[in-house]
Amino acid sequence: MNYASYIALIPLLPLAGFVILGLFGKKPFARSAGVIGTLLIFISTLLALYTAYQYFFVAGKQHGIYPAVKALEFTWLQFSPGLSIDMGLLIDPASVMMLVVVTFVSLMVHIFSIGYMKGEERLSTYYSFLGLFTFSMLGLVLSTNIFQIYIFWELVGVSSFLLIGFYYDRPAAVAAAKKAFIVTRFADLGFLIGILILAFYSGTLDFGTLIQRLTEPGSSALAQLKGYGFIGIPVFSWALALLFIGGAGKSAMFPLHIWLPDAMEGPTPVSALIHAATMVVAGVYLVARLYPVFVLDVPVLQLITWVGVISAFLAAVIACTQTDIKRVLAYSTISQIGYMLFALGLAGYTASLFHLFTHAFFKSLLFLGAGAVIHYIHTNEMGNMGGLRKYMPVTHITFLIACMAIAGIPPFAGFFSKEEILLTAWQNNQPVYYIALLTSGITAFYMFRLYFSIFWNKPLAHNHNHHGEGPWSMKFPLLVLALAAVVVGFIPFAHYISAGQQAAEHTIPISFSIAPVAMALAGIALAYMLYYKQNERPQKLATAMGGLYRLVRQKFYFDELYLFVTKKIIFNGIAKPAAWIDKHLVDGLMNGLGRATTGISERIKAWQSGSVQSYALYFFGGIVALAAVFIYWWTG
Amino acid sequence: MNIPLTHILFVSTALFFIGMYGLFTRRNLITMLMAIELILNSVNINFVAFNKYLYPDNLNGVFFTLFIIAIAAAEAAVAIAIIINLYRSHRSIDVEDVREMRG
Amino acid sequence: MALDFLLLMKQELLITVIIFTLLLLKIGSDLSNAAVLNVANGLLLLNLLAGTVGNQTGALFNGMFFTSPLIVLEKNILSLGTLIVSLQSSSWLKKHEHVPEFYILLLCTLLGMYFMISAGNLLMFYVGLELSSIPLAAMANFDLAKRRSSEAAMKFILSSAFASGLLLFGISLVYGATGTLTFSEISSRLDGAPLQVFAFVLLLAGFAFKISIVPFHLWTADVYEGAPVAVTSWLSVISKGSVLFVFVSVLYTVFKPLAGAWYNMLFVLSMVTILIGNLFAIRQNNIKRFLAFSSIAQIGFILVGITGSSQPGTASVVYFVLIYVFSNLAAFGVVALVSSVTGREQVSDYKGFYKTNPVLSWVLTIALFSLAGVPPTAGFFGKFFLLMSGAGKGNYVLITVAALNMIISFYYYLRIVKAVFMDANEQPIERLAIPVYPKLAMFICVAGIIVTGLAGYVYDYIYSLSFGF
Amino acid sequence: MSLSLLIILPLITAVALLLCNGLKPVRVVALTGAVVQLLYSFYVLLMYHNQRVFDGTPMLLQENHVWFAPLNIHYHVGVDGISMAMIMLTAFVTVAGILVSWKIEKLSKEFFFLLTLLSMGAYGFFISLDLFTLFFFLEIAVIPKFLLIGIWGSGRKEYSAMKLALMLMGGSALVFVGLAGLYFSTQTAGGEHTFNMLQIAQLRIPPETQLIFFPFAFVGFGIFTALFPFHTWVPDGHSSAPTAASMFLAGISMKLGGYGCLRVATLLMPDAAHAYSWIIILLATVAIIYGAFATMMQTDLKYINAYSSISHCGFVLLGIGMMTQTAIMGAVLQMVSHGLMTALFFAAIGMLYERTHTREVAQIGGLLKVMPFIATVFVIAGLCSLGLPGLSGFVAEVTVFMGSWENADVWYRLATILACASIVVTAVYILRAMGKVIMGPLQVEGASLQQAGALGDAGWNEKAAAGLLIIGIIAIGVAPFWLTELIKQ
């Protein structure tokens with residue numbers, strides 16, 4: 001079966017959008033940028049769906065699994081024989097799934113943006129950046145080679161930077177964009193070094209070969225990796241942990257999560273696309289990609305698990321105290337990705353990817369809904385909202401669906417995937433299970449806190465809105481995504497996507513679902529109590545919690561900690577001395593040589609006294625010295 | 001009468017250093033010129049003495065002396081002309097007054 | 001014999017004829033200055049041309065006088081330099097009352113140099129040396145009314161007399177030690193005894209005085225500064241060049257048995273000379289004085305080449321002197337023109353020079369670059385070969401010191417360039433018209449600077465004539 | 001059609017420039033010369049490709065003429081992939097440099113003359129196979145810089161020009177000693193010493209000799225490429241230079257050093273290079289990290305780019321010091337990439353400066369609003385500098401890292417990791433500058449918002465210059481395989 005011809009088009013069409021709108025955005029396409037961009041991604045989406053159809057239903061399984069196919073591959077950069085960066089298109093269940101998710105969500109965001117960004121001066125720039133991002137993300141998911149994934153990893157990073165900083169004249173947006181890029185760059189450093197280690201010992205950068213070389217029985221590469229150590233830890237663990245740091249950075253995992261909430265400075269549709277559905281799950285995807293390798297090292301899996309759990313819990317707690325609706329959603333994203341990661345750490349490959357899949361839909365729906373709200377009311381602050389259900393019926397309903405989905409209320413999508421994850425945790429690690437269960441309760445609470453605050457609570461104080469809920473271009477994506485949030489949970493995910501050979505199809509016992517659903521309902525009930533009507537209770541509660549509340553409200557002072565490290569330690573402690581040393585010591589040395597020369601020159605001026613007698617004396621002295629030295633001391 | 005060569009060389013060397021001393025200490029330009037003549041004369045004595053004592057079979061040394069005397073005369077002539085000219089502009093033939101250029 | 005005599009001594013004879021011609025002109029007619037200049041330059045050109053034909057190796061007067069293609073080449077280089085100096089000084093001489101005398105003195109020194117180069121005997125050498133230096137003292141005083149000119153002449157004649165006294169003392173000791181004055185015999189009788197080394201040191205000092213090796217250099221700057229520019233350029237290029245030629249051949253042939261001793265001496269002297277020359281050159285404000293010290297540093301580099309004591313050694317020294325003639329005379333040409341028209345000789349006077357005199361500025365810059373050793377000017381090749389010759393001995397300390405000293409020398413050459421191109425000046429030197437003769441001289445110099453280096457043939461030719469051991 | 005034409009064409013251009021009169025002819029002649037040279041470079045590339053198919057030898061299109069027979073000095077030129085890459089770089093940067101300085105009115109004839117002379121030096125240097133020829137062209141390329149900075153520069157231009165010239169001269173003095181040492185330790189079949197690099201490579205200099213002369217050659221060339229601690233000419237020189245001169249300096253001139261370190265020092269004296277590699281790596285790592293941190297504190301855009309050049313050139317030296325095939329390839333890639341990128345960066349800074357008359361980061365902001373093209377150029381240069389995939393910087397850095405990692409020694413690895421870490425620091429300072437100058441609220445010191453808003457965007461010449469360099473950067477970044485194929489031996 002030959003995929004190459006059209007699969008290559010899936011990422012290349014958005015790229016074409018980027019190039020066309022980037023170069024000619026000003027003159028011919030200033031008005032039609034949105035349509036052009038949307039059209040291209042629409043074709044991409046159709047092709048992606050067709051690919052999925054072809055892959056899952058036409059080609060089907062071979063020997064009980066869906067085969068991994070390289071639709072296209074060429075050498076991009078040859079390092080040494082056997083070691084090269086190859087660019088290719090890898091088609092396997094995970095990548096096809098991601099293909100669908102990315103193109104679909106991207107299409108929705110493109111459509112939504114037509115309405116949302118209307119009147120924006122730099123519309124073509126916006127759409128070209130969206131194209132660049134979509135291209136990069138698609139390249140990332142289709143990677144055949146660990147370096148290819150790194151390349152696109154960086155590219156999504158920069159598109160994220162560009163889009164966060166889209167409103168470039170707002171200092172906050174600029175700061176957020178820089179923060180996002182630098183924090184993820186720092187994580188990517190780990191990724192890069194991890195790649196270097198793995199590549200050196202396994203002698204390849206290709207995913208397939210790499211996995212095969214490391215997992216084959218009696219693998220010499222694995223033996224070497226486990227044999228050598230650095231500071232008492234095997235190189236293998238270093239490599240995987242470093243790779244994971246890369247993933248954690250992109251996925252905003254604790255303690256590298258600080259960039260994601262700030263990233264909300266970008267246009268809201270961008271947040272929906274990049275910071276909810278696609279780019280931030282790249283870390284999960286990376287670990288999933290190399291899952292057979294990660295499985296070989298238990299300590300790293302545990303690291304992943306605990307990072308995931310802690311992130312899930314902490315982010316959920318922080319989300320309860322935030323008042324900026326996009327920030328709440330951002331923390332909820334961190335929390336949900338934490339779920340996916342600890343599921344991976346606990347061998348729940350399918351569960352994790354399933355949650356990734358469902359999360360993409362309901363989270364982008366939440367963001368787009370939030371976008372619609374912001375579009376309507378021109379503020380992000382929860383305190384300024386309330387009673388919007390009357391004005392924005394479509395948004396209200398779809399938002400509610402999404403909230404139910406994320407809270408894990410059956411039969412919405414989130415329920416199924418979260419259930420899988422909790423089951424995995426229950427089976428493998430009980431403490432994690434309990435924390436996760438608690439977290440899911442908190443999730444339901446803060447989501448409904450958000451929901452009630454926006455749509456119920458106090459009535460809208462003054463409505464100076466002249467336009468309605470928004471054009472159809474905004475409502476349509478909400479409806480489509482809401483539909484998806486309802487139905488995608490019913491897909492028999494495990495049938496299609498599973499780790500390695502075992503196609504583990506199992507059903508979850510009904511009895512297991514009782515606890516999580518009960519937790520979720522409890523959370524909702526609490527939110528209802530506190531936020532359904534305007535009242536004093538939340539305030540009182542916050543006061544009662546005192547220091548704890550402040551700690552959480554200030555996000556555990558992570559930003560301040562980072563600020564301290566960068567400003568005080570790196571800036572004042574390293575960079576300033578370096579610049580000083582360069583100016584005064586190193587350059588001073590060079591200038592000093594010059595000064596010394598002129599100084600000596602000035603000092604010996606007196607030799608040239610102008611008196612002919614002293615000249616003769618020097619003359620004679622020269623003879624005496626020469627004669628003395630060369631006749632008596634230095635002969636031969 | 002047999003004066004050894006060393007005696008004569010001693011005289012010439014003494015003359016040489018007397019000339020040197022004169023050159024270094026006298027401030028009058030003419031006197032300095034005379035001191036230089038002393039040095040040249042010490043060389044002359046050397047040549048003649050070597051010729052007489054060591055290599056009597058040719059007259060290289062003696063001839064050299066003749067040339068030195070002649071050239072010294074020319075040199076003195078030019079030098080005195082210059083000193084006269086110097087006196088015109090400086091109104092002095094003290095070497096210490098003639099050190100405008102230095103450094 | 002008669003024909004041999006004519007052929008082998010043709011340059012000396014020709015110069016003598018020219019001297020007498022000029023003498024007769026002086027006595028017999030009252031030609032205008034311009035006419036005298038035309039005649040003199042024509043005769044000098046003739047002299048240069050005569051040097052290029054019918055050359056052969058041979059000795060006259062029982063080895064007193066010796067000539068070979070290399071020697072003829074060396075003389076030709078001097079003739080060329082003389083012609084250039086003469087062309088350049090025309091704008092100064094035109095206003096002077098004693099033009100024929102100047103030429104007579106000049107040519108007397110040239111004749112002295114010829115004899116010195118061709119000398120096969122210490123007596124001949126001494127006569128040539130004196131003939132080339134006594135008239136120079138008179139020439140240094142040629143700006144009769146200027147205080148500094150007199151001072152320079154006084155310093156020169158006293159120092160020079162003192163130096164020749166010491167040189168003679170050395171010669172007398174050599175004579176005492178070997179019993180001969182003939183070069184070829186001396187070298188066979190030397191064995192490195194302390195007395196001989198001492199005699200050599202005295203001789204070396206005599207040479208060192210003429211070519212300004214530190215610490216025998218102190219007269220140089222004062223005399224260069226005080227003397228008229230034409231005389232300064234003559235002193236710094238032709239006079240030095242001639243003594244260098246003799247120095248090399250004397251070291252390589254006569255004092256070959258003392259090579260161990262003089263190698264070490266030159267090793268030390270060259271480093272000291274480069275360093276001191278550079279250090280003094282850094283802060284000079286008078287451009288002539290500056291060029292004096294820079295030429296001292298140049299001598300240090302030449303000494304590095306001489307230490308090579310090989311065929312490349314001789315070749316590179318002769319080659320460098322040729323390049324030095326072009327480079328230094330190009331610089332002096334500009335200085336002479338500026339000085340003769342405006343009387344300004346300070347480095348600071350040259351600020352903003354490029355704005356008013358672009359052509360002169362470029363000539364000066366190219367000359368300075370050549371002196372500094374920047375490609376593609378010939379100076380680069382000259383210095384490269386000198387240092388390579390020195391490196392041939394395997395003494396990399398010397399080479400490294402010399403090479404690093406190039407940095408300092410760069411500094412002061414670039415300082416002038418900076419003044420010319422970059423500095424602002426309230427009263428720059430006005431736009432100067434360049435008369436024909438100086439223009440011609442500059443053209444020759446610049447062409448020489450460019451061609452001598454890039455055309456490998458020149459070096460090949462010099463190399464083929466050279467000798468070493 | 002021969003390789004020497006690469007030297008002769010600029011020479012003709014230079015002479016033609018001297019004969020020109022008036023602003024317009026001068027510009028046209030200079031540009032025509034550079035463009036013809038660019039086209040001819042492409043032609044040479046083509047010839048090289050064609051010949052390489054048939055001919056197995058590494059050096060192609062050789063020309064060998066005796067220059068100074070007594071010393072066995074030849075005019076000997078030829079190209080291999082590395083020199084071909086450098087020639088293309090030079091051609092690109094030259095055209096861009098001339099385009100950027102289109103508007104220069106002060107002594108424009110001299111300006112373009114010196115630029116052309118400088119490029120001639122670079123071309124000659126890159127094609128030389130004889131150490132003498134190489135040294136000759138190396139020095140040719142020094143003095144024009146002095147004049148360019150001193151006459152057309154800004155700020156403390158005389159001081160910077162002098163510093164640059166003296167330090168580079170110091171470098172070439174050391175190079176000279178190294179070359180002399182090499183020369184005298186060779187002995188060809190005919191009993192002569194030789195400067196011929198191909199012969200020297202085969203002769204195998206005795207290791208003891210290598211140990212003596214390697215430091216001279218390496219440090220000497222190293223000064224040209226900002227080897228720590230001899231890098232201090234870089235910030236001052238670059239920041240005082242006029243735009244085109246900065247582009248030449250960082251884009252071409254610093255590459256002379258890297259190329260020399262590789263070609264002369266390392267490849268001709270491999271034993272010594274191995275022995276000293278830890279020192280090279282140490283210095284390179286220090287340069288990378290320390291340069292990056294020092295950059296963070298700079299407030300002048302040109303200083304930022306100059307210091308970052310120190311850091312980036314550290315990668316070149318690191319690659320050379322690591323001595324693996326891949327690392328060396330990375331070093332060459334980095335030279336080409338950095339050449340294009342930094343030239344672009346300086347071009348962008350120059351364009352900004354021309355309009356805002358300040359280079360202080362604190363005094364300008366939000367320029368994307370008024371000059372989108374220049375701002376975009378700036379962003380692209382910045383992203384290339386911080387190693388974004390798809391632009392050339394990434395390819396080069398990654399290749400250096402991969403190559404460095406091939407050394408299994410722990411300290412080498414540590415150095416590699418530190419070098420990798422610099423990409424984060426690079427991101428910090430690039431984004432800081434970018435965030436302030438390009439993004440944020442519009443601000444131009446000394447101009448009201450209205451005046452600032454009226455500042456124009458790039459003219460055709462600036463667009464062409466930037467476009468040319470960006471094409472190069474993207475061509476390498478998107479499809480590095482053609483370049484690595486070219487470089488590979």
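I start with residues 62-87 of chain B, where the chain is 100% helix and 0% strand and the end C-alpha atoms are 37 Å apart. Keep in mind that this is a predicted model. Residues 6-24 of chain B are likewise 100% helix and 0% strand, with 26 Å between the end C-alpha atoms. Both stretches come from the UniProt record, an unreviewed entry, which places the feature "transmembrane region" at residues 6-24, 31-50 and 62-87 of chain B.

Now chain B as a whole. Its secondary structure comes to three helices and zero strands, and the order from the N terminus is α-α-α. Is chain B as compact as a globule, or more spread out? It is more spread out, because its radius of gyration is 17 Å, well over the 13 Å that the globule rule gives for 103 residues. The C-alpha trace of chain B spans about 50 × 30 × 25 Å along its principal axes.

Next, the interface between chains D and A. Here 38 residues of chain D are in contact with 35 residues of chain A. On the chain D side, the elements that give two or more residues are helices H12 (270-296), H14 (325-356), H16 (392-405), H17 (410-437) and H20 (481-487). Which of these gives the most? That is H17(D), with nine residues. Sorted by class, the side of chain D that touches chain A has 28 nonpolar, nine polar and one charged residues.

Last, a helix pair inside chain D. In general, two packed helices are described by the angle between their axes and the distance between the axes. For helix H10 (residues 233-240) and helix H13 (residues 301-322) of chain D, the axes come within 8 Å and cross at roughly 140°. With antiparallel counted only over 145 degrees, that angle makes H10(D) oblique to H13(D). The crossing of H10(D) past H13(D) is right-handed.

Which residues meet in this contact? From H10(D) they are Val234(D), Pro235(D), His238(D) and Ser239(D). Facing them from H13(D) are Lys302(D), Tyr303(D), Asn305(D), Ala306(D), Tyr307(D), Ser309(D) and Ile310(D). By class, this contact of H10(D) with H13(D) has six nonpolar, four polar and one charged residues.

Note on methods. Residues numbered from 1 in each chain as written. Chains lettered and ligands numbered in written order. Predicted model: local features only at pLDDT ≥ 70, side-chain atom pairs only at ≥ 80, totals over all residues. Axes fitted to C-alpha atoms, helices over the stretch in contact; angles between N-to-C directions. Helix = DSSP H or I, 4+ residues; strand = E, 2+ residues; numbered from the N terminus. Parallel < 35°, antiparallel > 145°, perpendicular 65-115°, else oblique. Left-handed = near helix turned anticlockwise from the far one by under 90°. Contact = placed C-beta atoms within 7 Å. Nonpolar A, V, L, I, M, F, W, Y, C, P; charged D, E, K, R; others polar. UniProt positions renumbered as here; feature names shortened; annotations may be inferred. Rg over C-alpha atoms; globule rule 2.2 N^0.38 Å.
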